[in-house]
Amino acid sequence: MTGILTQIIELLVGGITGVAQGIGKGLSELAQSIFMVQTGETWSLSTFGALIIIFAGISLAIGLSRWVVNFVTSLGARNR
């Protein structure tokens, strides 16, 4: 009985591992195709990738600035 259970578990784990590796490879290739451009043997960031990074940086800066301003104006009190 233990042998059968072990075989079932091995089959399930093997199937899950195969699916997870396939999904990981697909997502990696998707991200590479969206954000990276290959010219010969060199890789560079695509225009879309650069725009995403620029807007993410602006969003992060605005969010942190708002947090600091709210913290300083309230002197650390939670005024909500």
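Visitor: Which residues form a nonpolar patch on the surface?
Guide: Val19, Ile23, Leu27, Leu30, Ile34, Phe48 and Ile52 form it, with about 640 Å² of accessible area together. This is a predicted model, where local features need pLDDT of at least 70, side-chain atom pairs count only at pLDDT 80 or more, and totals for chains, interfaces and linings use all residues. Residues are numbered from 1 along each chain as its sequence is written, and side-chain values use heavy atoms, with hydrogens and water left out.

Visitor: What are patches made of?
Guide: Patches take residues with over 30% relative accessible area and no salt bridge. Like charges are joined within 9 Å, and nonpolar side chains (Val, Leu, Ile, Met, Phe, Trp, Tyr) within 5 Å. A salt bridge is a side-chain nitrogen of Lys or Arg within 4 Å of a carboxyl oxygen of Asp or Glu. Accessible areas come from the Shrake-Rupley method with a 1.4 Å probe, and for residues only the protein chains shown count as cover.

Visitor: Which helix gives the most to the nonpolar patch?
Guide: α1 does, with five residues. Ile23 sits in α1. Both α1 (2-35) and α2 (47-74) supply at least two residues each. Helices (H or I, at least four residues) and strands (E, at least two) are DSSP runs, numbered from the N terminus.

Visitor: What about Leu11, buried or exposed?
Guide: Leu11 is exposed, because its relative accessible area is 67%. The cut-offs: buried is under 20% relative accessible area, exposed is over 50%, and partly exposed is in between (1.4 Å probe, protein chains only). Leu11 belongs to helix α1. From Leu11 to Glu41 is 40 Å, C-alpha to C-alpha, and 30 residues in sequence.

Visitor: New topic. How far apart are the end C-alpha atoms of α2?
Guide: They are 41 Å apart. At 1.5 Å a residue, its 28 residues should span 40 Å, so the two values agree. The expected span is 1.5 Å times one less than the number of residues.

Visitor: What comes just after α2?
Guide: Leu75, which takes a positive phi of about 55°.

Visitor: And inside α2, how do Ala56 and Gly63 count?
Guide: Ala56 lies in α2 and counts as partly exposed, because its relative accessibility is 44%.

Visitor: Where is Ser46?
Guide: In the loop between β2 (42-45) and α2. Ser46 is buried, because its relative accessible area is 9%.

Visitor: What does Ser46 touch?
Guide: Ile34, Phe35, Met36 and Val37, not counting residues up to four places away in sequence. Contact means heavy atoms within 4.5 Å. A polar atom of the Ser46 side chain also lies 3.1 Å from the backbone nitrogen of Gly49.

Visitor: What does the side chain of Ser74 reach?
Guide: The backbone oxygen of Asn70, at 3.0 Å. Ser74 is in α2, and it is buried at 16% relative accessible area.

How values were computed
A polar contact is a pair of N or O atoms within 3.5 Å; within protein, one must be able to donate a hydrogen and the other to accept it, and residues adjacent in sequence count only if both atoms are side-chain atoms.
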